[in-house]
Amino acid sequence: MRRNGTIRVTAILCLALLGVASPGCSAWEAKRAALNAPTGDVGGTWTGATTGEEKPYPITLTLEQTATTVTGVMRVGGRPDLSGRVSGSVRGEVLNLSLTTAAHMGGDLFVQQDNMMTSNAFGLHFTLRRSK
């Protein structure tokens, strides 16, 4: 009787671990696909606002791209600590961008045509759209 209980607990723990690991694998697969996509065009002016904040901050990102190298300026309304010159690189549909004044401040942004989004770059959640 005790052996059946041990097997049942072990099976439940294995299923729980599989349930926790699977979403992480899916997220990695999505990022790998984005990295292996054709290099995105991120040049231009992008505008939007933070999401998930009590008070959304407007964002303007103006970028220039040469091959995979990206430079530009980011303005976050009400957040001078997150505004300034940025630099980075694009690989596939993933733009890795950092503030030049604080290299540790930045992250990955996902680009699809005229839309750009992130859930953790610069410590913010935001979606931007390329201005035409």
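Tutor: Let us begin with a term: a salt bridge is a side-chain nitrogen of Lys or Arg within 4 Å of a carboxyl oxygen of Asp or Glu. Side chains of opposite charge can pair when their charged atoms come close. In this structure, Asp114 forms such a bridge with Arg130, with the closest N and O atoms 2.8 Å apart. Asp114 lies in the loop between strand E6 (102-112) and E7, while Arg130 belongs to strand E8, so the pair ties together parts that are 16 residues apart in sequence.

Student: How should I treat the model and its numbering?

Tutor: This is a predicted model, in which local features need pLDDT of at least 70 and side-chain atom pairs count only at pLDDT 80 or more, whereas totals for chains, interfaces and linings use all residues. Residues are numbered from 1 along each chain as its sequence is written, and side-chain values use heavy atoms, leaving out hydrogens and water. Helices (H or I, at least four residues) and strands (E, at least two) are DSSP runs, numbered from the N terminus.

Student: How many salt bridges does the structure hold?

Tutor: There are three. One of them joins Arg130 to Asp41, with the closest N and O atoms 3.9 Å apart. This pair links distant parts of the chain, 89 residues apart: Arg130 is in strand E8 (residues 126-130), and Asp41 is in the loop between helix H1 (2-36) and strand E1 (44-50). Another bridge brings together the side chains of Asp81 and Arg79, at 2.8 Å from N to O.

Student: Is Arg130 buried or exposed?

Tutor: Buried means under 20% relative accessible area, exposed over 50%, and partly exposed in between (1.4 Å probe, protein chains only). Arg130 has 15% relative accessibility, so it counts as buried. Asp114 is also buried, at 15%. By contrast, Asp81 is partly exposed at 47%, and Arg79 is partly exposed at 23%.

Student: What surrounds Thr118?

Tutor: Contact means heavy atoms within 4.5 Å. Leaving aside neighbours within four places in sequence, Thr118 is in contact with Asp108, Leu109, Leu124, His125 and Phe126. Thr118 is located in strand E7 (residues 115-118) and is buried, with a relative accessible area of 8%.
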